[in-house]
Amino acid sequence: STSRPPRCASISCLLQTFNTSNVTKLCPDAQCLFAFYGGETAYHKYLIVLQFFNLFMFFWLANFVIALGQVTLAGAFASYYWAFKKPDDIPAFPLFSAFGRALRYHTGSLAFGSLILAIVQVIRVVLEYLDHRLKAAENKLAKFFLGCLKCCFWCLEKFIKFLNRNAYIMIAIYGTNFCTSARNAFFLLMRNIIRVAVLDKVTDFLFFLGKLLIVGSVG
């Protein structure tokens, strides 16, 4: 933008050629200044904070959708497993029934479990950002502690994901809140740690085969 008296209002300026042009002779008080993009509003001052908030909300909503899917599947499986007289006691549409129960009764529990996981994931992103900024630094001690923190929060995220998944199963079966379900799931897992490890690997392998079957059929 050009700051100049009214008689020079029709003259435009370019930063690259302003000092070599005759504008300063025609308008001695004229100046060619660059106003940076965005301005100085409150939005631009807190742009980094808003970006972190956007990232946090993305993690929260993504985890909530995943949790909703896990509770829906667990509810559908439970409606079949706990049916005393099959198929009379099985709902006509178990997936839709489980999805409706999850939205009606367990939205708060799913949001709370997703919130805990989203907080840990945002902390991991911050640690990755700090690690990126410290790549050129020579402080070996800071890099060591940062690496330890990254490892700890990675393990914490994996543990919370595993615990949340089992807590969502307890929610779908018994209808208890998230904290109660997570506590019951944790003690149940600790009482059957070896059996859980074996069954978890077997079910992961079966799910992997199912995914291959679906992808192969569609292909």
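This is a predicted model: local features need pLDDT of at least 70, side-chain atom pairs count only at pLDDT 80 or more; totals for chains, interfaces and linings use all residues.
Let me start with helix α8, which covers residues 193-218 and contains 26 residues. From its first C-alpha to its last, α8 reaches 37 Å, close to the 38 Å expected at 1.5 Å a residue. Is this helix buried or in the open? Of its 26 residues, the number buried is 2, so α8 lies largely in the open.

The chain has a mean pLDDT of 85, and 87% of its residues reach 70 or more. Where is confidence lowest, and where is it highest? The lowest mean, 44, belongs to strand β1, residues 2-3. The highest, 93, belongs to helix α7, residues 178-191.

I turn now to the annotation. An unreviewed UniProt entry lists residues 55-83 and residues 103-127 under "transmembrane region". In the model, residues 55-83 are 93% helix and 0% strand, and the end C-alpha atoms of this span lie 42 Å apart. For residues 103-127, the figures are 96% helix and 0% strand, with 34 Å between the end C-alpha atoms.

My final topic is helix packing. Two packed helices are described by the angle between their axes and the distance between the axes. As for the handedness of the crossing, α3 passes α6 in a right-handed manner.

Note on methods
Residues are numbered from 1 along each chain as its sequence is written. Side-chain values use heavy atoms; hydrogens and water are left out. Helices (H or I, at least four residues) and strands (E, at least two) are DSSP runs, numbered from the N terminus. The expected span of a helix is 1.5 Å times one less than its number of residues. Buried means under 20% relative accessible area, exposed over 50%, partly exposed in between (1.4 Å probe, protein chains only). pLDDT is the predictor's confidence in each residue, from 0 to 100. UniProt positions are given in the numbering used here, feature names are shortened, and annotations may be inferred rather than shown by experiment. A crossing is left-handed if the near helix is turned anticlockwise from the far one by less than a right angle, and right-handed if clockwise.
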